[in-house]
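Please look at the structure below.

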Amino acid sequence: MEVTQPEFKVFNSLGRKKEKFEINPNHGGKIRWYNCGPTVYDSSHLGHARSYISFDIIRRILQDVFGYQVEYVMNITDIDDKIIKRARQIYLFEKFRTNILKDGTKAFEDIMLQSTEFYGQKLSRETDMDKQAMMQRLMSKCVLSVDGDVKSIEEALNSNRDVLVEYLDHKYGSEVEDNKIFTSLPRKFEDEFFEDMRALNIPRPETVTRVSEFIDQIIEYIEKIVENGYAYESNESVYFDTVRFNAKHKYGKLVPEAVGDQKALEEGEGVLNVDDSKTEKRHPNDFALWKRSKPGEPFWKSPWGPKGRPGWHIECSVMSYKAVGDSLDIHSGGVDLKFPHHENEIAQSDGFFDSDEARIRYWLHTGHLEIEGCKMSKSLKNFVTIRDALKDYTFSQLRLLFLMHSWGETLDYSEATMIEALKFRKTLQEFFSSVEEYLSDLKPKSEMSSNDSELETKFKEAKAQILNHLTDNFNTKDAMKVTAKLVNTVNKYLKDEQSPNSVILEDVRNYVLDLLQKLGAWEKDADLETSDDRKQRKIRYLIKPFLEVLASFRLEMRQIWKNSQLDQIPVAIDTVKSDLEKLGVVLEDEFVDGRLSTLIKTQGKEKFTKDLSLEEAEEAVKPFLKILIRFREESWAIWKNNQSDSIISLSDRIRSDLLELKVELTDVESGKAKMRIFFLDDVEINQRSREESRKIAEKQAKLAEREAKEALKKIHPSQLFIHSTDKYSKFDEKGIPTHDNEGKPITKSQLKKLIKMYEQQEKRYNESMN
């Protein structure tokens, strides 16, 4: 079915302005999109999440919201200086660990002395202040002497690791000959990366390319650039000739002001190649297409020598061309890739085709991610891994954070910004629960009230505004603001309207839920669920009716207490019994020594299990039934002993018991008493624990402040300054300072402030005495 898409505007980094989004008519109606993937030498961090969540959201807007077909390709950089160095360091460290535990204390202390001396020299040459601070911090952690036991050496090894591996790689890196270590490390972190993406609800790209699988194509591509006269061989390496290229074309189309930035260019050349390139290049702006491999580096045979490997920038030019074709609709990456990586990509492609024709229509770059206002950098060891972030927040909460901010601007990941994301999710959860409650009770209306008409109008306006925002450079920030406003409008409507319109309510609920789901921010995509996710979903589906029985019984007991109708307790108890029987659970009541005792039986797999084994189902329901049965038995005792005052404390205990089982029961007073059930995971439980600790700490701080104020009131004004001998040396007859601690007279302005403080204390003291 042909889909008519609305007109889009996209901020194109190449022209630095918003442009009308039009896909190439030769692409068969598909958006061809190439995204720069990770260099897999370490665990993925929130900087990666910043880019990949943002582009996943844009991809979903195009594909799921507006019906575009998207051919999404992403590369994996599995050959790179950082990978080579890290692989060698890990290999050499483990080898050193094994040997040093045999060699003992003296050998360890000798090598650490050499390591810190080498690292200190490296530190003295470093000019970047942030890196200097990081290196000094690592040096300060080093343990140079140890006891003779294995545990002491192990602890010192872990503490000294960052400094030690730099020395080991410097001394022994060139001796590493096992090429397997250069393939096993990137494959390990690639697997981990895609696990992290799955945990963030990011689908795998349709096509994944790896540099190691495109070596022959890279060599052919470089040969063509050489043939066109825009690259040259030097000492078995090949460099792009920016001078000759500039004579016919333009180098610096994307970030012209950065051309000549030698620091950025050196970082692009790689930590293992920067010194060689300085002597081998004809011009400082030239960059490596192919690098001669030195001892201790992986290598491939090429026309320029027996041992070499690809440069960084060439990989994306080649892989995008081979995987997608000679033209792209979108090329994307983080803002840090603009220069020199993407700048050099453009030059390489122009040099290969010997043409200035734009082969990429739109360049998209996500903004930086900061942590509590500070620059995040893996090289500075100032980063939060995705896995650590997911210990504190759910994927939904993180995605909502990204949706609430502009994808192309700097995003601050902080407690403050996450609190806003958590509040927004809670607002949405309560909105869905509230609407669900009303829909369960409402009957269709024959006529529209003025409130109904107003809500319907505002709903249409909100949908139009959200459409406009999403088509205006994928502006999810303002789209989420409109969504929040719509939710608040519905909440107000439910308070004002005596007979809400079920049709409009359901339409709004479905629209908001569908929008969030399409943006990947609510429930996980079914095909991205793990087996544990699926099992947990089935368990929650199974136990929810039991929780509803418990919640309803708890609500009924509270109403009984409120209305002083203890005689209704037996009726409520019997209702529980009949409700559970409908769910496949039979209660057999016995009365032992004047107490109610209940046996539980399940009625078999078909009626009870809901896609789980009988054992799994019984195990899942058991703790909730235990709470319910105990509540039921204790409620019978309340009726028997006429102890209505116990109902509220018992009701509160039920909430605490359920929270231990990761279920939150929320009391709601909105027209009539209700309760809402929320399932929690470990992350949300920890969040509530942290929030509770924060509230306790705030309460204690306020109490301490109040106690300090009370204690201050009891101090006689003459004693207010008399003990501050570190500040003052002489005092008048009232105890007001006349000279500072150096014996100098107090200035007039200082004396005026001190007298005011004295008078305020005198007033406080007199009030407390009275």
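Helix α3 crosses helix α5 in a left-handed sense, meaning that the near helix is turned anticlockwise from the far one by less than a right angle. The model is predicted, so local features need pLDDT of at least 70 and side-chain atom pairs pLDDT 80 or more, while totals for chains, interfaces and linings use all residues. Residues are numbered from 1 along each chain as its sequence is written, and side-chain values use heavy atoms, without hydrogens and water.

Helix α3 covers residues 105-125 and helix α5 residues 150-172; helices are DSSP runs of H or I with at least four residues, strands runs of E with at least two, numbered from the N terminus. The axes of α3 and α5 are 9 Å apart and form an angle of about 50°. Axes are lines fitted to C-alpha atoms over the stretch in contact, and angles run from 0 to 180 degrees between N-to-C directions.

Strand β4 (residues 69-76) contains Asn75. Is Asn75 buried or exposed? Asn75 is buried, because its relative accessible area is 0%; buried means under 20%, exposed over 50%, with a 1.4 Å probe and protein chains only. Beyond its neighbours within four places in sequence, Asn75 has contacts (heavy atoms within 4.5 Å) with residues including Thr209, Glu315 and Met319. The side chains of Asn75 and Tyr34 are joined by a polar contact of 3.5 Å. Such a contact is a pair of N or O atoms within 3.5 Å, one able to donate a hydrogen and the other to accept it within protein, and residues adjacent in sequence count only if both atoms are side-chain atoms. A polar atom of the Asn75 side chain also lies 2.6 Å from the backbone nitrogen of Gly37.
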